[in-house]
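Open the model in your viewer and keep the selection tool at hand. The stops below go from one chain to the next.

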Amino acid sequence: MTALASLERDAELMVRVREGDDTSFALLLNRHRAPVVHFLYRMVQNQGVAEELGQEVFLRVYKSRATYEPTAKFTTWLFRIATHLALNWLRDGKAEKASESIDERVDEGPVRELRDRAANVEQRMVNEARLGEVRSAIEALPAKQRAAVLMHKYEEMEYSQIAGVLGCSESAVKSLLFRAYETLRARLAHLA
Amino acid sequence: MRCPMESGKGAEIVLALAAGRLEGAERQAFEQHMAECAACRRMAEAQTSVWSAMDEWAAPAVADSFDARLMARVATPEPRRWWQLGWDFGWRPALPVGAACLALLGVFLLHNPWPQVVPPVKPVAQVQQTVDVDQVESTLDDLDMLNQLDAPASPPHDSSAGS
Amino acid sequence: MNAIRVLLLAALAAGFCQIPVAAQGPQARMGRRWRQGEAWSPLDQLERLRTMDPEQRERLLSRLPPPRRANIERHLQRYMSLTPEQRARLWEQYEMFRQLAPERQQEFRRLFVRFLNQPPERQDVMREEFQRLRRMSPQQRAARLGSNEFHYKFQPNERDIIERMVELLP
């Protein structure tokens with residue numbers, strides 16, 4: 001399905017949800033569940049919280065189905081809710097939030113001998129260290145810059161759509177992104 | 001090609017290149033320019049490095065129970081606010097009658113405390129059913145390490161047995 | 001009189017507003033605390049995995065690449081074969097380890113890697129020495145580490161590993 005067809009399909013499905021078709025809601029959920037939760041995970045760096053916020057996103061979509069109008073892209077609306085919830089959580093829960101541990105690692109191969117295990121532990125430590133640096137660097141970005149970077153990098157959104165999500169101009173988004181990436185380049189240069 | 005840094009377009013072009021979104025003639029022109037411009041080349045290399053590093057950060061899979069938990073929340077009716085109850089009976093803007101009712105209710109409440117109603121809150125165990133497998137793996141590795149260091153000494157090695 | 005009536009109404013209205021707040025017992029407060037991101041501890045997670053329904057555990061682990069899954073299952077099997085007393089002791093050790101700053105934890109893991117790179121028979125001797133040193137008082141430990149016996153019993157590399165490990169996890 002082309003991107004444009006997918007977008008039209010999203011709006012069409014949501015209109016059906018507005019008309020009472022819960023199966024269409026399930027289809028939308030299936031399509032957008034992972035991207036939304038993954039975005040939230042990278043924003044708040046806690047999987048449990050990301051899933052809780054992700055549910056809140058879809059709950060709000062469902063509850064506002066009666067007044068849905070396909071004026072903006074469905075994903076813009078979806079990520080606008082997600083970003084709003086994430087920014088609120090970061091603002092409110094800063095003192096108590098806990099970051100999770102490192103994520104998916106390189107496939108290490110079978111662990112047989114002690115020497116292999118030592119090498120695997122070392123490799124994992126190196127990978128962990130790299131990932132830790134990436135996560136810390138992203139966590140250190142101001143919340144809006146972080147949201148813009150995550151949408152740009154992982155959701156592959158265009159500047160115009162990110163602007164729609166953040167409620168600002170395209171030039172403001174470019175400014176956010178360029179500053180964010182400049183910070184990341186400076187901080188992660190040694191990983192090259 | 002004029003240096004994009006001078007025209008203020010440098011960052012945008014480098015981002016597009018690192019993201020794989022710079023194509024065709026524009027890409028070719030910039031690649032030719034980078035062969036001569038150290039500043040652009042350095043920036044592009046640094047941005048590509050950041051992009052690759054960010055590629056390594058995979059998000060965990062969403063829990064299987066996500067949809068079920070969401071549907072449970074969808075199905076739970078919202079608690080009605082106290083001021084919404086009045087709409088069922090129509091609104092009578094009669095201040096003296098309303099004040100008298102409130103006063104009577106106030107007296108009643110003073111002698112009969114409101115029963116504690118705890119709203120149905122999901123138990124934490126149900127809310128967070130995901131087990132972070134990576135965390136668990138790391139914990140098991142650490143436990144294994146500590147266990148090995150704490151283990152009693154193994155029987156003497158027989159060098160004739162071979163490894 | 002009108003002012004008194006208004007004040008009375010306001011006071012009663014304020015009292016009404018407190019009722020739903022007061023009705024939120026400990027469970028709701030716990031829910032709010034969880035929303036602010038209090039994560040499960042690593043041992044809680046591990047225990048959850050250990051006590052999970054086997055089918056559910058199977059589903060969880062089946063998403064992993066086979067080598068990682070095999071590694072986790074092997075370690076988990078070893079962990080599950082411990083007696084409750086052994087597990088409790090291990091938890092104590094682990095909690096002490098977790099008290100270390102992350103960089104010191106990493107250093108300890110690196111030292112363990114170096115330890116694993118020693119021949120098995122030397123590992124046994126080093127392990128025994130590490131355990132003995134941990135049972136000593138700080139003064140006894142310092143005396144032992146400075147003794148000729150310790151100096152001649154272990155190679156420089158081995159001494160370095162033992163000294164550093166017992167410094168991090170006394």
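How many helices and how many strands does chain B have? Select chain B and switch to a cartoon view: there are nine helices and zero strands. Keep in mind throughout that this is a predicted model. Followed from the N terminus, the elements of chain B read α-α-α-α-α-α-α-α-α. Of the 163 residues in chain B, 21% are buried. Now consider the contacts in chain B with a separation of 6 or more: 69% of them join residues 24 or more positions apart.

**Chain C, one helix**

Next select residues 66–80 of chain C, which form helix H5. This helix has 15 residues and reaches 20 Å from its first C-alpha to its last, close to the 21 Å expected at 1.5 Å a residue. Colour Arg68(C), Asn71(C), Ile72(C), His75(C) and Tyr79(C), the buried residues of H5(C). Look down the axis of H5(C): the buried residues fall within an arc of 90 degrees, so they line one face of the helix. An α-helix has 3.6 residues a turn, so residues three or four places apart point the same way. Turn to the other side of H5(C), where Pro66(C), Gln77(C) and Met80(C) are exposed.

What covers the buried residues of H5(C)? Show helix H9 (133–150) of chain B, then helix H3 (42–51) and helix H4 (54–61) of chain C; the cover includes these three helices.

**The nonpolar cores**

Move to chain A and select Leu40(A), Ala148(A) and Ile162(A). In the largest nonpolar core, which has 62 residues, these three touch the most other members. Helix H2 (residues 22–44) of chain A gives this core its largest share, nine residues. Centre the view on Leu40(A): leaving aside residues up to four places away in sequence, Leu40(A) touches Ala50(A), Leu53(A), Gly54(A), Ala82(A) and Ala86(A). Another core, of 21 residues, lies apart from the largest one; among its members are Val136(B), Leu60(C), Leu111(C) and Phe112(C).

**Confidence in chain A**

Finally, colour chain A by pLDDT. The average is 83, and 81% of the residues score at least 70. Which elements of chain A have the lowest and the highest mean pLDDT? The lowest, 77, belongs to helix H5 (residues 114–140) of chain A, and the highest, 96, to helix H6 (residues 143–153) of chain A. Last, select residues 95–115 of chain A, where the pLDDT is below 50. Beyond near neighbours in sequence, this stretch has 51 contacts in the model.

Terms used:
Residues are numbered from 1 along each chain as its sequence is written. Chains are lettered from A and ligands numbered from 1 in the order in which they are written. This is a predicted model: local features need pLDDT of at least 70, side-chain atom pairs count only at pLDDT 80 or more; totals for chains, interfaces and linings use all residues. Helices (H or I, at least four residues) and strands (E, at least two) are DSSP runs, numbered from the N terminus. The expected span of a helix is 1.5 Å times one less than its number of residues. A residue is buried if 20 or more other C-beta atoms lie within 10 Å of its own, exposed if 12 or fewer, and partly exposed in between; C-beta atoms are placed from the backbone. The arc is that of the directions from the helix axis to the C-beta atoms. Two residues are in contact if their C-beta atoms, placed from the backbone, lie within 7 Å. A nonpolar core is a set of buried Ala, Val, Leu, Ile, Met, Phe, Trp, Tyr and Cys residues joined through C-beta atoms within 7 Å. pLDDT is the predictor's confidence in each residue, from 0 to 100.
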